[in-house]
Amino acid sequence: MAWTEYPYSNVWHGEQDFVIKQPRIEIDIFKGNKSFHQSAIVDSGSDLILLSADIAPVLGINLLGCKSMSVRGITGSRVDGYLCEIGVRVEKFEEIVHVLAVFVEDLHTNMLLGQHGFFRHFRIKFEQDRNMFALERAPRNIVNDPIAFEE
Amino acid sequence: MIQNKKDTSDVSRDLTKILNKSHENKWVALNSDYTEVLGSSGNLMELTQQILDKNAVYMKIPPADSVYAF
């Protein structure tokens with residue numbers, strides 16, 4: 001398998017007046033016959049894939065039918081999340097991967113591609129000095145996987 | 001859908017040139033080469049119904065006065 005490269009996105013930090021580089025890729029997410037196209041952040045610090053709850057009605061998802069779970073941010077504040085299965089297709093890849101994702105109320109961004117659900121399916125290299133990061137599809141036979149979730 | 005759009009993934013994605021304070025805490029729809037904001041709204045469902053460009057890229061824009069550890 002070959003690495004597929006993506007450029008970092010430049011985002012302005014207003015208060016400090018500097019530019020932050022974010023590893024963003026375009027993602028199609030699917031539920032049934034509905035889809036949504038967005039720019040998402042590759043976030044190794046997130047345990048799971050997190051999505052803004054605003055996206056659920058666009059996909060026709062009733063969050064009350066999803067499994068509820070707690071989500072805590074870096075400051076320890078707790079919010080309610082809703083665990084649902086969705087399809088994900090990554091920019092420059094053809095395959096749709098079915099993953100578990102958590103829809104979160106009041107998420108400041110739209111989508112974070114975290115460890116369970118994304119990093120277990122893709123190998124990722126960050127090379128910000130080249131203004132590039134890269135993805136490679138991981139082998140299907142995942143080993144040493146203690147995750148209790150079923151996909 | 002990704003497979004039907006022109007491949008602009010290697011172009012610079014400089015959001016500093018198209019996003020500003022007026023977009024904070026809103027959903028935005030960008031054109032596929034990241035050169036234009038097609039629309040913005042606090043309500044994503046309403047925005048998706050307004051935007052006719054099937055290749056639009058959606059994002060939610062956080063306030064720019066903080067750094068984020070998501």
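## A look around a two-chain model

N31(B) is partly exposed, because 16 other C-beta atoms lie within 10 Å. (Buried means 20 or more other C-beta atoms within 10 Å of a residue's own, exposed means 12 or fewer, and partly exposed is in between, with C-beta atoms placed from the backbone.) Before going further, note that this is a predicted model, where local features need pLDDT of at least 70 and side-chain atom pairs count only at pLDDT 80 or more, while totals for chains, interfaces and linings use all residues. Residues are numbered from 1 along each chain as its sequence is written, and chains are lettered from A and ligands numbered from 1 in the order in which they are written.

So much for the ground rules; back to N31(B). You'll find this residue in the loop between β2 (26-30) and β3 (37-41) of chain B. (Strands are DSSP runs of E with at least two residues, helices are runs of H or I with at least four, and both are numbered from the N terminus.) Setting aside neighbours within four places in sequence, N31(B) is in contact with E36(B), L38(B), D53(B) and A56(B). (Contact means that the C-beta atoms, placed from the backbone, lie within 7 Å.) D65(B) is another matter: this residue is 34 residues along the chain from N31(B), and their C-alpha atoms are separated by 25 Å.

Is Y34(B) buried or exposed? Y34(B) is buried, since 20 other C-beta atoms lie within 10 Å. N25(B), in the loop between β1 and β2 of chain B, counts as exposed because it has 10 C-beta neighbours inside 10 Å.

**Strands of chain A**

What stands opposite L51(A) in β9(A)? F103(A) does, and F103(A) is also what Y82(A) stands opposite.

Elsewhere in chain A, three strands form an open antiparallel sheet in the order β1-β12-β11. Its edge strands, β1 (4-7) and β11 (122-127), each pair on one side only. On average, neighbouring strands of this sheet are turned by 25° against each other, direction ignored. (The axes are lines fitted to C-alpha atoms, for helices over the stretch in contact, and angles run from 0 to 180 degrees between N-to-C directions.) β11(A) and β12 (residues 132-137) pair over six bridges, and E127(A) has M132(A) as its bridge partner in β12(A).

T4(A) sits in β1 of chain A. With 17 C-beta neighbours inside 10 Å, T4(A) counts as partly exposed. Not counting residues up to four places away in sequence, T4(A) touches K92(A), A134(A), L135(A) and E136(A). T4(A) and M132(A) are 128 residues apart in sequence, but 9.9 Å apart in space, C-alpha to C-alpha.

**Where the chains meet**

How many residues does the contact take from each chain? There are 34 residues from chain A and 25 residues from chain B. On the side of chain A that touches chain B, β1, β2 (9-13), β4 (24-31), β5 (34-42) and α1 (55-58) each supply at least two residues. That side of chain A has eleven nonpolar, 14 polar and nine charged residues. (Ala, Val, Leu, Ile, Met, Phe, Trp, Tyr, Cys and Pro count as nonpolar, Asp, Glu, Lys and Arg as charged, and the others, Gly among them, as polar.) β2(A) and β1 (residues 13-14) of chain B run parallel, joined by two bridges. There, S9(A) stands opposite R13(B).

**How confident is the predictor?**

For the complex, the predictor gives an ipTM of 0.89 and a pTM of 0.88. The mean pLDDT of chain B is 84, and 76% of its residues reach 70 or more. (pLDDT is the predictor's confidence in each residue, from 0 to 100.) Over residues 1-9 of chain B, pLDDT stays under 50, and the model has 14 contacts beyond four places in sequence for them. Where pLDDT is low, the predicted coordinates should not be read in detail.

How values were computed
Pairing = 2+ DSSP bridges. Contact = placed C-beta atoms within 7 Å.
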